[in-house]
Each structure stands twice: as structure tokens, then as C-alpha cells.
Amino acid sequence: MKLIKKISYILFAIFILVVEVAVPNRTVTVEANSQTLRDYKNKLAKLEAELKQNEAEQQQTQAEIAASKRKIEQISQEKEDIADEVVTLTKEIEQLNKDINDMNNEIEEIISYYQLSNTGDSAELEYIFAADDITDFIYRMAITEQLSEHNTNMIKEYNKKISDNEDKKVELADKEVQLNKKEAELETYIQKQRTSLNKTLEGAVDIKDEIAANKKLIDLYENTYKCKLDETIDECTAGKLPADTAFYRSVVSGRVSSNYGRRTYKLNGRWTSDFHYGIDFSTSHGANVYASANGVVAAIFKKQSCGGNMVYINHLVNGKRYTTGYYHLADITVKVGQTVMSSTVIGHVGGSPRYETWDHCSTGSHNHLTIATGNWGTTFSSYSGFIAHNINPRQVVNAPALGGSFTSRTRKY
Ligand SMILES: [Zn+2]
């Protein structure tokens with residue numbers, strides 16, 4: 001019994017030792033990032049190269065759209081020609097039918113004339129049957145026969161023309177069907193190319209604005225913080241990032257209208273499916289939007305077509321670096337480099353198509369809160385980089401379940 005107790009004490013002691021070694025005290029350790037100002041500048045240069053590449057690709061896409069448009073124009077011209085040709089053919093058929101009718105009437109007239117001469121003169125035939133009359137009669141009969149034969153042949157010829165025209169009309173109708181199909185294909189193609197041009201990913205930023213935002217941050221590091229080119233940004237900015245211990249909801253009251261993850265919804269009358277890289281708090285237009293935790297404003301984007309006015313804030317919470325993003329703002333009340341507390345109003349709720357007319361990715365007033373691990377300017381310096389480090393906000397911010405409402409920033413659900 002004593003031996004078992006002894007062994008268990010030893011095992012417990014080993015366990016404590018292992019835990020102490022393997023899990024260092026997290027609250028003291030600050031995750032370090034070795035990126036220097038030079039690295040950041042190189043990243044910016046890469047972004048600028050990407051912009052050039054994008055511009056070239058966009059030009060290519062635009063050229064392809066223009067070519068497709070020209071093809072569609074050609075098709076509509078062809079369709080107009082077909083319509084004209086169909087009209088001509090129909091008119092021709094009408095005329096031919098009229099001519100046939102006339103010729104039929106003519107034949108009837110000739111025959112009736114012949115019959116009239118034959119029957120009407122019967123009395124004459126019986127009593128005054130002169131040689132001259134017979135010659136005249138035979139001559140008239142021959143002419144009649146010739147005329148009706150000629151007309152019959154003409155009718156045959158005209159009927160052939162009519163049937164040819166009808167065949168041609170069928171052929172043109174087939175061609176029109178083909179052209180319509182081709183036109184629809186080209187329209188779909190153009191639509192696709194346009195969509196690839198206007199990226200509708202919520203929060204996607206114009207790369208030009210992304211470059212401008214990074215230049216601003218580099219300017220802050222270089223001229224305000226006096227960072228040296230080969231000094232790591234974390235070292236240089238040490239102490240500048242106010243530490244915090246928790247994240248809070250970005251608005252005082254609201255309702256969770258969209259969760260993080262894949263979702264299907266109706267946008268501008270169309271069913272859309274996308275991955276939602278944040279949590280949406282629907283609330284009244286103009287309501288205060290607060291920094292989710294203490295931090296420093298890292299990037300600001302204005303009037304983006306899919307996210308509107310956006311603010312990104314760098315944080316150091318429990319020794320870990322994070323970045324929060326706030327989208328669809330009606331206005332922004334902070335500046336890049338500004339230190340904010342979790343009580344600081346950074347802007348106001350927007351996202352209403354009525355007021356924020358430039359923002360095509362919001363159907364009503366709400367605040368989109370998005371969170372990534374790492375800091376803007378060190379861990380990443382672009383929207384795509386942010387998305388690469390994006391996490392479900394619920395991992396660090398407490399919120400009621402989807403559809404649930406709240407009336408304070410701090411109450412736990
Ligand atoms: Zn959202």
C-alpha cells in the first residue's frame with residue numbers, strides 16, 4: 001500500500017513538472033513576430049507588383065468582354081438580316097400566291113370563254129356551220145389550250161418557288177435559334193468576366209487603397225515610431241500596443257443576424273452563397289461602434305463597393321496578437337496610428353442601402369465584426385492575408401446564438 005502511494009506521489013510530481021515545462025505561463029509571453037520594416041516594405045513592393053499584374057489581367061478581361069460584345073453586335077446584325085430576309089420571303093410568297101390566283105382566274109376565264117363559244121353558239125353550229133367558223137373554233141381551242149398549258153406551267157413554277165421560300169424560312173428560323181443560343185452564351189460569359197472584375201467578397205479592398213493604407217502604416221512606423229529598417233516591427237512598437245484581457249461586442253445592442261461560416265442568402269434579388277468571414281450584429285443606423293478591445297488603428301478603407309467604410313485595429317490580448325475589422329460603417333471617427341480603448345467609438349453603424357449607396361454588400365444597418373490572429377502590418381498586410389488568418393469571432397468574443405438579441409456589450413450568453 002505504501003509503495004503504491006509512493007509511486008503515485010512520484011507520478012504526480014512528474015506530471016506537475018511536465019505541465020510546467022510544456023505549458024509556459026501564457027499571460028506573460030507575448031507572441032513575437034520577426035518581421036522588420038524592410039520586410040514590410042518588400043511586402044508592399046510585392047503588393048504594388050500584384051496591382052500591376054491585376055491591372056494587366058483586368059485589361060485582358062476587359063478586352064475579352066469587348067470582343068464578346070462585338071460578337072453580340074454581329075449576331076444582332078445577323079438576326080436583323082434574317083428578319084429582313086424573312087419579310088422579303090414572306091412578301092414574295094404572298095406575291096406568288098397572288099400571281100397563282102390571277103393565273104388560275106385567267107385559266108378559268110379562258111376555259112369559260114371557250115365553253116361559252118362552244119355552247120352559246122350551238123344554235124349557230126347546228127344551222128350555219130360555216131367552214132370559216134370551224135377554223136376559227138379550232139384556232140381558238142388551240143390558243144386556249146396553249147394559254148392554259150402555259151399558265152399551268154407557270155403555276156407549277158411559282159408553287160416550286162413558294163415551297164423553296166418556305167424551306168428557306170425554316171432554315172432561317174433554325175439559324176436564328178442557333179444565333180440566340182450563341183448570344184445567350186456570350187452574355188453569360190460577359191457576366192462571368194464582369195463578376196471576376198468586380199470582386200464581391202465582403203471586405204475585399206481595392207488593391208490601390210490597400211497599398212495606400214500600408215504606406216500610411218509604414219509612414220507611422222518610420223516617422224512617428226522611428227523604427228529602423230532592420231529592426232523588427234514588434235520590437236520597435238513594443239509598448240505602443242495597449243494590452244487587454246478580453247474582447248467585447250462592438251455595439252451596445254443588436255441581434256446576431258449572421259454567423260461566421262458558409263451561408264446562402266438573397267442579395268439584390270439573387271440567391272448567393274458565400275463564406276461569411278465574420279459575425280453580423282444588426283442594429284439601428286448611426287449607433288456607436290466601439291473597438292472590441294484596446295488597440296491601435298492599423299488600417300482604414302473608405303467607400304469600398306463590398307464593405308463600405310472599414311476599420312482594422314491591432315490588439316494584444318492576453319499576450320496574443322489579433323486584428324479586428326469593422327465593416328459597413330456610416331462614418332469613421334478614428335485615425336491610423338490612434339490608440340483606442342475598448343470604450344472608444346471608432347465610427348457609426350451603416351450598411352443601409354438607402355444611406356451607404358456605395359456599399360453593395362449590405363441589405364440593412366448592421367456591424368460586421370471580423371477577427372484574425374496576428375497584426376495588420378506584421379503578420380499580414382492585405383485583405384487576403386487577413387482572411388488567411390481569419391478566425392470565428394466566437395472563439396474570442398461572446399455573443400448570443402444566431403437570431404439572439406443583446407442589450408449590453410459585456411453580458412455573457
Ligand atoms: Zn457580415
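Colleague: Is Y139 buried or exposed?
Modeller: This is a predicted model. A residue counts as exposed when its relative accessible area is over 50%. Y139 has 53% relative accessibility, so Y139 counts as exposed.

Colleague: In which helix is the place of Y139, and which residues form a nonpolar patch with Y139 on the surface?
Modeller: Y139 has its place in residues 131-197, which is helix α4. The nonpolar patch on the surface has about 270 Å² of accessible area when its residues are taken together. Along with Y139, the patch is formed by I143 and L147.

Colleague: Which element gives the most to the largest nonpolar core?
Modeller: The largest nonpolar core has 33 residues, and Y221, F301, Y312, W376 and F386 have the most contacts inside it. Two or more residues come from each of α2 (37-120), α5 (207-224), α6 (233-236), β7 (295-304), β8 (308-317) and α7 (383-388). With seven residues, the element that gives the most to this core is α5.

Colleague: How many residues does the other core have?
Modeller: Another core lies apart from the largest one. V251, A293, V340 and V397 are among its members. The number of residues in this other core is 28.

Colleague: Which cysteines is Y221 in contact with, leaving aside its neighbours within four places in sequence?
Modeller: Y221 is in contact with L37, Y40, K226, I233, T237, N314 and W376, among others. Its list of contacts also includes two cysteines, C227 and C236.

Colleague: What is the handedness of the disulfide of C227 and C236?
Modeller: The sulfur atoms of C227 and C236 are 1.7 Å apart, and the two residues form a disulfide. Both cysteines are buried. The torsion about their S-S bond is about -70 degrees, so the disulfide is left-handed.

Colleague: How many residues apart in sequence are the parts that the pair C306 and C361 ties together?
Modeller: C306 and C361 form a disulfide, with their sulfur atoms 1.8 Å apart. The torsion about the S-S bond is about -100 degrees, so this disulfide is left-handed. C306 lies in the loop between β7 and β8, and C361 lies in the loop between β11 and β12, so the pair ties together parts whose separation in sequence is 55 residues.

Colleague: Are C306 and C361 buried or exposed?
Modeller: The cut-off for buried is under 20% relative accessible area. C306 has 1% relative accessibility, so C306 counts as buried. C361 has a relative accessible area of 14%, so C361 is also buried.

Colleague: What is the pairing of the bonded cysteines, numbered in sequence order?
Modeller: The structure holds two disulfides. One is formed by C227 and C236, and another by C306 and C361. In sequence order, the pairing is 1-2, 3-4.

Colleague: Why does S365 count as buried?
Modeller: S365 has its place in the loop between β11 (345-349) and β12 (366-373). Not counting residues up to four places away in sequence, S365 touches S282, T283, S284, H285, V349, G350, G351 and S352. The cut-off for buried is under 20%. S365 counts as buried because its relative accessibility is 19%.

Colleague: What percentage of the residues of the protein count as buried?
Modeller: The secondary structure of the protein comes to seven helices and 14 strands. The accessible surface is about 24,200 Å², and 54% of it belongs to carbon and sulfur atoms. Of the 413 residues, the share that count as buried is 39%.

Note on methods: Residues numbered from 1 in each chain as written. Predicted model: local features only at pLDDT ≥ 70, side-chain atom pairs only at ≥ 80, totals over all residues. Heavy atoms only, no water. Helix = DSSP H or I, 4+ residues; strand = E, 2+ residues; numbered from the N terminus. Buried < 20%, exposed > 50% of the residue type's maximum accessible area, 1.4 Å probe, protein only. Contact = heavy atoms within 4.5 Å. Core = buried A, V, L, I, M, F, W, Y, C linked by side-chain atoms within 4.5 Å. Patch = residues over 30% accessible without salt bridge, like charges linked within 9 Å, V, L, I, M, F, W, Y side chains within 5 Å. Areas by Shrake-Rupley, 256 points an atom, 1.4 Å probe, with all protein chains shown as cover. Salt bridge = Lys/Arg side-chain N within 4 Å of Asp/Glu carboxyl O. Disulfide = S-S within 2.5 Å.
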